[in-house]
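Here is a note for a colleague who is new to reading structures. Please keep the model open while going through the points.

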4 protein chains.
Amino acid sequence: MISFQSDYICGAHPEILKRFAETNMECLPGYGSDVYCERAAEKIKKAIGKDVQVEFLVGGTQTNAVVISTMLADHEGVVAAKSGHISVHEAGAIEYNGHEVLTIGQKNGKINAEELDKYIADFYADESYEHMTFPGMVYISHPTEYGTLYTKAELMKISEVCRKYDIPLYMDGARLGYGLMSQDTDVSLQDIADLCDVFYIGGTKVGALCGEAVVFTRGNKPKHFLTSVKKRGALLAKGRVLGIQFDTLFTDDLYFKISRHAIDMAEKLKSIIRAHGIEFYIDSPTNQQFIVLENRMMERLAGEVAFNVWERIDDKHSVIRLATSWSTTEEDLRALDEILQ
Amino acid sequence: MISFQSDYICGAHPEILKRFAETNMECLPGYGSDVYCERAAEKIKKAIGKDVQVEFLVGGTQTNAVVISTMLADHEGVVAAKSGHISVHEAGAIEYNGHEVLTIGQKNGKINAEELDKYIADFYADESYEHMTFPGMVYISHPTEYGTLYTKAELMKISEVCRKYDIPLYMDGARLGYGLMSQDTDVSLQDIADLCDVFYIGGTKVGALCGEAVVFTRGNKPKHFLTSVKKRGALLAKGRVLGIQFDTLFTDDLYFKISRHAIDMAEKLKSIIRAHGIEFYIDSPTNQQFIVLENRMMERLAGEVAFNVWERIDDKHSVIRLATSWSTTEEDLRALDEILQ
Amino acid sequence: MISFQSDYICGAHPEILKRFAETNMECLPGYGSDVYCERAAEKIKKAIGKDVQVEFLVGGTQTNAVVISTMLADHEGVVAAKSGHISVHEAGAIEYNGHEVLTIGQKNGKINAEELDKYIADFYADESYEHMTFPGMVYISHPTEYGTLYTKAELMKISEVCRKYDIPLYMDGARLGYGLMSQDTDVSLQDIADLCDVFYIGGTKVGALCGEAVVFTRGNKPKHFLTSVKKRGALLAKGRVLGIQFDTLFTDDLYFKISRHAIDMAEKLKSIIRAHGIEFYIDSPTNQQFIVLENRMMERLAGEVAFNVWERIDDKHSVIRLATSWSTTEEDLRALDEILQ
Amino acid sequence: MISFQSDYICGAHPEILKRFAETNMECLPGYGSDVYCERAAEKIKKAIGKDVQVEFLVGGTQTNAVVISTMLADHEGVVAAKSGHISVHEAGAIEYNGHEVLTIGQKNGKINAEELDKYIADFYADESYEHMTFPGMVYISHPTEYGTLYTKAELMKISEVCRKYDIPLYMDGARLGYGLMSQDTDVSLQDIADLCDVFYIGGTKVGALCGEAVVFTRGNKPKHFLTSVKKRGALLAKGRVLGIQFDTLFTDDLYFKISRHAIDMAEKLKSIIRAHGIEFYIDSPTNQQFIVLENRMMERLAGEVAFNVWERIDDKHSVIRLATSWSTTEEDLRALDEILQ
């Protein structure tokens, strides 16, 4: 059975395993103070072209919870799209850390700068705003949960609103590589570092066993961050596990190459889908594709392909998600093409 | 200047102050173990006609936070209308206690049983529901934040949905008296005790200096509730302050009489509003009235009457709230009538 | 039956009830923005002789939890005596707000500046201090839980240690009046405001129905404090209840006069105890007296006097606490004297 | 430079890396639902010989925080030795999850059943116990933070106290393998499963890159544990990373063999220490050895050997920790022996 279920169905890119083996018997200090974490951070800084602060965490929900709860003030919450990962699929992790997620509307997973501005302006215009959670940060995902991307112009406008109200813009980049390597984007890693106050470069979904690299772009890493990470049970004893992976991913552009591969595979996947006359639910320029199937067709497919059921549209139709990744092969695509005959 | 700003603008009903004076030098044990708390609980049980458990807390947000966070399991959140007090005006108190507020749609402040049922059914139908906050309680306010009331039939349906999914129904009764004494309700205190698993009888907004009486209707008071209350900084040393107030309010139906007075005042207020051709924003059968004013008119009024600005409708119009209470007088109404000339 | 059980066994000082009655029908805004809160704050500032910030909260545990958790940074905890109220008798309220209480030794309820200094120095000398909770505040109670008092010299030294490490000194003044009016103190209210960064003037145990006045002495009130208070369910709708009480207590030195009365009663109580040859467990210069009784004697007493059992010393002896307050009378003392015959 | 700094200085046991490579391209579902997690759980059950519930988490502090906070009731805290890892070196993680750590005395890192019993009995004997955090769980580490071990008789007594008060006994087994393979223990894995309600088998410090296996021994895994894990940011997307490691460790007794190797190395280390006339700070039968050095000697050593400074004894002496592990070699020992000449 072939799988397009997600971008974390395989282990790690083989180069990572190779580096684990090569470095395995080196004695290194723990908790992120090893040379590989240092090198990985240096390489990420170089890729960004800016003297940012880089920290490594294990997973996406953890990263969102740690970053958001250490950067918000007590009276603040985080503004996010209703469809945002933190709003829906993190089991209330932000709330568990004591902060409200303030949801606003979305279109194809994206928030809109004007709506955001109005939301915050309305907040401060409200007589009783002191009895409400202050908007203290803006969260966006890029690519979004629907695989869509912000344009540079859109990001600039959102960033401007954040500047206006002096609150940080945070980008969840769980699938950042796929966004950066999309054929339909004008947003570079440098742009993101310029426009966001903090973001993370996703590893788990882009070839690592686990790991996300948080980037603070304005010297704004919370004081004693390590202690706050530890307090949240998020500090890895063998920090090298994260360091070696990101060092490898940011050596010889591996992160970008494997992301590009996934995008190429996604483009071919789209051609196959189109050729079979199947409807797209959304126009996604990244590695996640959402298509509409009759339930009967979906059930038939389920016997031969692994995928995610995204949404029931009506009694007869559903939306499913097919995801490519660094590990997707031409064979996978050919097999899918045949199954769809 | 007359005030219709809220139902907590005056001190306490004079009978309460009288009782404070009469009992002042009695030596009583602390933390709610005094005879007045006991009597108040007994009288509330009698008014309800059921062997419920009664606990006293100081304020509304505190009560919501304590009740919700002690009754929810770790993986659960509370379902509420987007306009619910806990969703908007409690500065994230529920989230601070570690739980998500799961918002659903509302009409005039009320949720709908069918939508609620669909929301929960959809939750369990979602492939990835284990990654989401479970709906573990339903919160309604009665009267709602818009002064509206559920009908008995509506409450029965909502209660039925809660039974179906085996989750408690919690009613925020900050203004319960005004709901019970409305001319347009078929819901009695007994109905509420039958249909809800827990609710509170609001004191702060119905003649007390402070205080809310929480009623657990199914022997379902969380174990060691006093310790949980203490842990949340909500345990009053001089518990008598709450006991004496509720003992007084539930002696000779005082709670109901003063609520009825506020309703009578509200009905007269409505006649005056209507007579002046002013538009109602919403049809409220309780003590809170929402009316639409031109901003110029609103500003003129603001010099002579205290009220709350509820919402800006457009550049020229706003909604304001006028509230009556136990302390509203015929003179207040006459004065308003004249001002509106 | 006479009662020396605690200093919160009666209602409020009659003057407070009188003022409640006099102001009862005044229409006032909510949440602490009324004129009485303002006046009370002004009078407290005047009593202190310094332009401090004053906020009112309802109870002691609540005050400790709110102040400590809004002033600590994420990675910090609060240092306190093992016998401190927050360490023992607040059901884990500080921890519930996400912060560790770091306990150090005590003698008669007091911590020692040298030990405190060593504790913090040792913390920073530890190789792995980043994996531990940082000492971010020092908590002391004055009077302590044993009724004892810091001398001015002791307070100065503790304050100096706090300055050295740049962390705030917080004084829990639940019974502050009794400390200030003790015959054996050289510590004035002005000293406290000079030496502490934040402290509270207890109302609940010194003649109020409820209420504590928090004093921030260095312009260091946390930003948007009201919202943080609301978020913790600690914001009183009828803020006047607190304002009127503290306005009354700080008019014509009432707070000090009634504290002095309690001290006078305590001195007489001590004479009676001494006259009956009963052993003091501790030498307390304030309103709480701890005495050692044979259990048989204690049981006999229990039928006629209300008190607190503090500690079992051995199989045959116990420590009990007798507390005087503003409401203690000469008759109470005479009755006790007779019972002890 | 050789290193005895800790038991997590190297990568993973080579067999684990080999299995990562072999399984790398298998498409597996996420979040712990893969076949390797299943197999690992089965093998652990078999090793224990009991139908327990097994869950995998990433690190030690995380595991302690998740297990303790999901098993405690709201009003409860966890009793632990003052020297326990959760009491000192987890940056307040338990408190961050809302629960107090109730510390009792220790000897060589171990608590004593009698003292524990007295602590709990005293708690319930206290008049005001409802105002205090209830002892709701007992935490022990085995081996302790000092490398020492409980005897079976000691564990039985502690377990008995937990039975008496009906609270769970939780064992932190971060270094469990080293405890089980010690030459001086009469405690087997089966004993632990019989006597504890929950414990974890440490992976991070016993040959894994990361990972701990939590064992619930009485069908007492909290309901919807996965959601609670997610809510705490502790759910690993590629659960296989944990499954493959524990599957490998529990195949052909690898976990026990490598633990035994570390113990053999520790015994040889002890002989070397002894031969050089160096004083042991504590008599440890496991892989952590604590020795007393003159500071001058310590500083000289520091240039050639990596170790942890544990404690300053006086101005001239310090305690250092030397740890062996699965990766310690005879060469390391020989080198140390020479350095100590």
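Predicted model: local features only at pLDDT ≥ 70, side-chain atom pairs only at ≥ 80, totals over all residues.

1. Chain A as a whole. Chain A holds 14 helices and 13 strands. Its C-alpha trace spans about 60 × 60 × 35 Å along the principal axes. A compact globule of 341 residues would have a radius of gyration near 20 Å, and chain A has 20 Å, so the two agree.

2. Burial and contacts in chain A. Of the 341 residues of chain A, 58% count as buried. Take the contacts in chain A between residues at least 6 apart in sequence: 73% of these join residues at least 24 apart.

3. Where chain A meets chain D. Here 44 residues of chain A are in contact with 44 residues of chain D. On the side of chain A that touches chain D, two or more residues come from each of α1 (14-23), α3 (60-71), α5 (93-96), α10 (225-231) and α11 (240-249) of chain A. The most is given by α1(A), with 5 residues. Sorted by class, this side of chain A has 24 nonpolar, 14 polar and 6 charged residues.

4. Where chain B meets chain C. In this pair, 44 residues of chain B are in contact with 44 residues of chain C. Which element gives the most to the side of chain B that touches chain C? It is α1(B), with 5 residues. By class, that side of chain B has 24 nonpolar, 14 polar and 6 charged residues.

5. How chains B and C are related.

6. The nonpolar cores. The largest nonpolar core has 210 residues, and those touching the most other members are V138(B), Y170(B), V215(B), V138(C), Y170(C) and V215(C). Apart from it lies another core of 208 residues, with F20(A), V58(A), A234(D) and I291(D) among them. As for V138(C), its contacts beyond four places in sequence include V79(C), L116(C), I158(C) and Y170(C).

7. A strand in chain D. In strand β3 (residues 76-81) of chain D, 6 of the 6 residues are buried. β3(D) is joined to strand β5 (residues 134-141) of chain D by 4 bridges, and the two run parallel. Within this pairing, V79(D) stands opposite V138(D) in β5(D). β3(D) also pairs in the parallel sense with strand β4 (residues 101-104) of chain D, over 4 bridges. There, A81(D) stands opposite I104(D) in β4(D).

8. One residue to check: E55(C). This residue belongs to strand β2 (residues 53-57) of chain C. Is E55(C) buried or exposed? E55(C) is buried, because 23 other C-beta atoms lie within 10 Å, and 20 or more are enough to count as buried. Leaving out residues up to four places away in sequence, E55(C) touches V214(C), K221(C) and F225(C). E55(C) and F216(C) are 161 residues apart in sequence, yet 8.3 Å apart in space, C-alpha to C-alpha.

Methods: Residues numbered from 1 in each chain as written. Chains lettered and ligands numbered in written order. Buried ≥ 20, exposed ≤ 12 C-beta atoms within 10 Å, placed from the backbone. Contact = placed C-beta atoms within 7 Å. Nonpolar A, V, L, I, M, F, W, Y, C, P; charged D, E, K, R; others polar. Core = buried A, V, L, I, M, F, W, Y, C linked by C-beta atoms within 7 Å. Rg over C-alpha atoms; globule rule 2.2 N^0.38 Å. Pairing = 2+ DSSP bridges.
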